[in-house]
Amino acid sequence: MKKIDSIIKNNNKTDLKHDFMDACKDKDFKEYIYSLNIKEDILMKYTSTLQDAFQEEKNCNNCRSLSTCKNKLKGYKYSPNKEENIIVFDYEICSKQAKEEKNKNYEKYIKLYDMPTNIKEASFKDIYKDDKLRLPIIKYFKEFIENYKQGEKTKGLYLHGSFGSGKTYLIAALFNEMAHKGVDSTLVYYPEFLRSLKSSFNTNYEERFEHIKKTPLLLLDDIGAENVTPWSRDEILSPILQYRMDENLPTFFTSNLTLEELEKNLATTSSGVDSLKARRIVERIKQLTITEHLISKNRRD
Ligand code: ADP
Ligand code: MG
């Protein structure tokens with residue numbers, strides 16, 4: 001009986017070796033499996049599964065787009081991994097699928113109101129290699145990312161500087177970074193937001209207003225460029241800031257104006273001059289933020 005067992009075993013071994021050698025006639029396959037750094041006697045046991053994995057690898061190398069993915073599980077590659085004396089096969093995510101998931105992640109965590117969608121691409125790696133004048137802002141960002149805890153008071157930034165200096169981009173990059181940590185944020189192009197909020201009185205006005213008040217991180221982009229009215233100042237901006245102060249919600253602003261200029265801007269409406277109301281708003285902004293001036297060339301060309 002023992003003898004028969006051993007004959008069967010030897011026959012199996014011969015078959016495995018035969019199939020393996022046969023498969024290795026394909027030079028590309030041979031190169032692929034040897035690049036795995038796994039011993040031949042182990043590889044041999046998985047010839048046909050390795051061939052499947054190799055086919056998927058080839059599909060990936062010739063891939064044009066996710067929609068034409070030829071692999072069994074779209075966006076994934078069946079791949080071998082060595083574990084002690086066996087090979088474990090797993091579905092590995094491909095770079096295109098990973099990018100798509102990142103975008104979905106973006107939509108999940110970041111809401112844009114009237115903002116150009118290209119700021120979705122804003123990334124930290126573009127900021128680090130930039131000029132030294134940004135160092136205080138970068139330092140602030142690092143601390144913010146390390147220290148941010150929901151519900152705890154963390155100051156935002158009041159970032160002012162000339163048109164095209166990259167203010168919006170910087171804050172967008174910070175919010176993108178925070179999205180990777182699962183923190184929700186909202187970026188609002190403030191002048192346009194006011195216009196669209198006004199025209200949504202009969203629809204989702206309340207919902208939009210509440211969202212802006214309560215979003216964990218908020219950017220009011222380009223404050224000071226709006227047409228100031230008593231309504232926008234006293235019914236919209238003022239309660240938003242008050243709420244965010246009370247609830248310790250980090251709030252960011254970008255502006256072409258310094259805080260002094262903003263105060264003047266907020267004082268004057270078609271109904272006259274109200275310096276006190278303007279000062280109160282600027283006081284709130286000061287409590288909510290650290291002021292930074294961004295000096296840079298115009299990056300819009
Ligand atoms: P601002 O808000 O100060 O007017 P933006 O943030 O809109 O300026 O930047 C102007 C343009 O330059 C945008 O198209 C933006 O995408 C690009 N930009 C700004 N900063 C960077 C950067 N660090 N790396 C790459 N592109 C940038
Ligand atoms: Mg801007």
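## Strand pairing at H160

H160 stands opposite S255 in β7. Strand β7 (residues 251–255) pairs with β4 in the parallel sense over three bridges; two strands count as paired if DSSP finds at least two bridges between them. Helices (H or I, at least four residues) and strands (E, at least two) are DSSP runs, numbered from the N terminus.

This is a predicted model, in which local features need pLDDT of at least 70 and side-chain atom pairs count only at pLDDT 80 or more, while totals for chains, interfaces and linings use all residues. Residues are numbered from 1 along each chain as its sequence is written, and side-chain values use heavy atoms, with hydrogens and water left out.

## The sheet and its helices

Six strands form an open parallel sheet in the order β3-β5-β6-β7-β4-β10. Its edge strands, β3 (110–113) and β10, each pair on one side only. Neighbouring strands are turned by 15° against each other on average, direction ignored.

Helix α7 (residues 135–147) lies across β4, β6 (217–221), β7 and β10, at about 160° to β4. Helix α11 lies across β6 and β7, at about 150° to β6. Axes are lines fitted to C-alpha atoms, for helices over the stretch in contact (heavy atoms within 4.5 Å), and angles run from 0 to 180 degrees between N-to-C directions.

## Helix α12

In α12 (residues 259–267), L259, L262, L266 and A267 are buried (under 20% relative accessible area; exposed is over 50%, partly exposed in between; 1.4 Å probe, protein chains only). These residues cover an arc of only 135° around the axis, so they lie on the same side of α12; the arc is that of the directions from the helix axis to the C-beta atoms. On the other side, E260 and K264 are exposed. The buried residues pack against elements including β4 (156–161), α11 (230–246) and α13 (275–288).

Definitions and conventions
Chains are lettered from A and ligands numbered from 1 in the order in which they are written.
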